[in-house]
Amino acid sequence: MASMACASLHCAMAPLSVASSSYVVRTQSARIFVSRIQPGVWEKAGAKRLRASSQENATVVKNRSIYTSASSARENATVVVTREQGKNGKLMNALSARGINCLELPLIEHKEGADYPKLAQTLRETEFEWIVITSPEAATVFLSGWRAAACPKVRISVVGSGTGEVFEEMKDNLDKLEVAFTPSKATAKVLAVELPKLEGGNGAILYPSSAKAGSDLETGLIARGFKVLRLNTYSTESVKSLDQDKVAAALAAPVATFASPTAVRAWVELLGPWNGAAACIGTTSAKAAKTAGLSKVFCPDSPGIDGWVESVMEALESHALDRSLT
């Protein structure tokens with residue numbers, strides 16, 4: 001592929017070949033973070049610097065975005081959205097407002113977890129200092145068990161605003177359902193570090209979780225002296241079959257979106273080889289995409305719909321740039 005000797009790059013060193021590299025782009029507000037990736041290596045730089053993680057010298061970019069205008073990228077662009085059926089609406093609406101066509105191809109489905117039957121009884125019998133909720137689906141499942149327990153008074157910590165929105169619909173129960181803490185960054189690790197210890201609290205934490213969630217949150221909380229009860233209340237599974245016409249259309253799309261590692265794995269298993277870009281909701285899904293072998297991965301610095309949309313736009317612009325170079 002031709003080297004990146006274009007108007008949008010003022011290169012002080014040897015040009016960077018896009019075709020020979022895999023990379024991750026993360027956006028935070030108006031700043032762009034670009035990483036040149038080799039297996040197992042993650043590096044980031046500001047909009048004024050591009051660092052190569054191979055033996056090449058660094059390419060310095062001054063005062064301009066790496067990517068050209070999104071107008072050409074939006075023209076006839078189609079983005080695949082892969083969340084569970086009925087959960088893609090907000091992202092699709094946000095992309096539609098940017099002029100982006102969406103193809104809905106749900107790749108995952110949620111099922112009741114082994115510990116769900118224990119949830120209501122646990123809420124009835126045990127008082128917790130905090131209940132920590134780390135995803136919208138975990139919030140939905142928790143509320144089901146909470147209602148079955150006759151709506152006891154609880155104090156909630158949510159991992160981010162997207163999860164918190166599920167509880168905003170419960171405005172009539174704010175006297176019993178208090179959402180009292182959100183960490184500075186929407187990740188389980190940061191939540192584990194920042195969750196406050198309450199004066200006079202018993203240190204007990206309920207963690208209703210996906211059976212496939214990692215252990216970062218509970219490990220971090222236990223290390224700080226909390227007593228954590230994890231209940232695997234639901235599980236996220238790959239769908240069993242897909243419409244083959246939609247599969248063909250998805251494989252022709254330049255960008256697909258992913259909100260979980262399960263969705264990434266389902267894409268690779270069900271659709272096979274693909275040369276497009278993955279726009280992920282956060283770093284957890286982005287790392288799963290890299291591990292799965294996807295070479296162009298974009299994600300916001302903090303999970304959320306707004307940042308996710310910006311990552312989709314960056315992915316589309318990258319696609320437009322690749323096309324112009326070839």
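This passage looks at one strand and its partners, then at an arginine in a loop, and finally at a helix. The model is predicted, so local features need pLDDT of at least 70 and side-chain atom pairs count only at pLDDT 80 or more, while totals for chains, interfaces and linings use all residues. Residues are numbered from 1 along each chain as its sequence is written, and side-chain values use heavy atoms, leaving out hydrogens and water.

Strand β9 spans residues 154–158, and four of its five residues are buried, so the rest of the structure largely encloses it. Here, buried means under 20% relative accessible area, exposed over 50% and partly exposed in between, with a 1.4 Å probe and protein chains only. Helices (H or I, at least four residues) and strands (E, at least two) are DSSP runs, numbered from the N terminus.

On one side of the story is β8 (residues 130–133), which pairs with β9 in the parallel sense over three bridges; two strands pair if DSSP finds at least two bridges between them. Valine 132 sits opposite serine 157 of β9. Strand β9 also runs parallel to β10 (residues 177–181), joined by four bridges, and arginine 155 faces glutamate 178 in β10.

Arginine 83 lies in the loop between β5 (78–81) and α2 (89–97). With a relative accessible area of 22%, arginine 83 is partly exposed.

As for helix α10 (residues 283–291), its buried residues include Ala286 and Lys290. Just after α10, glycine 293 adopts a positive phi of about 100°.
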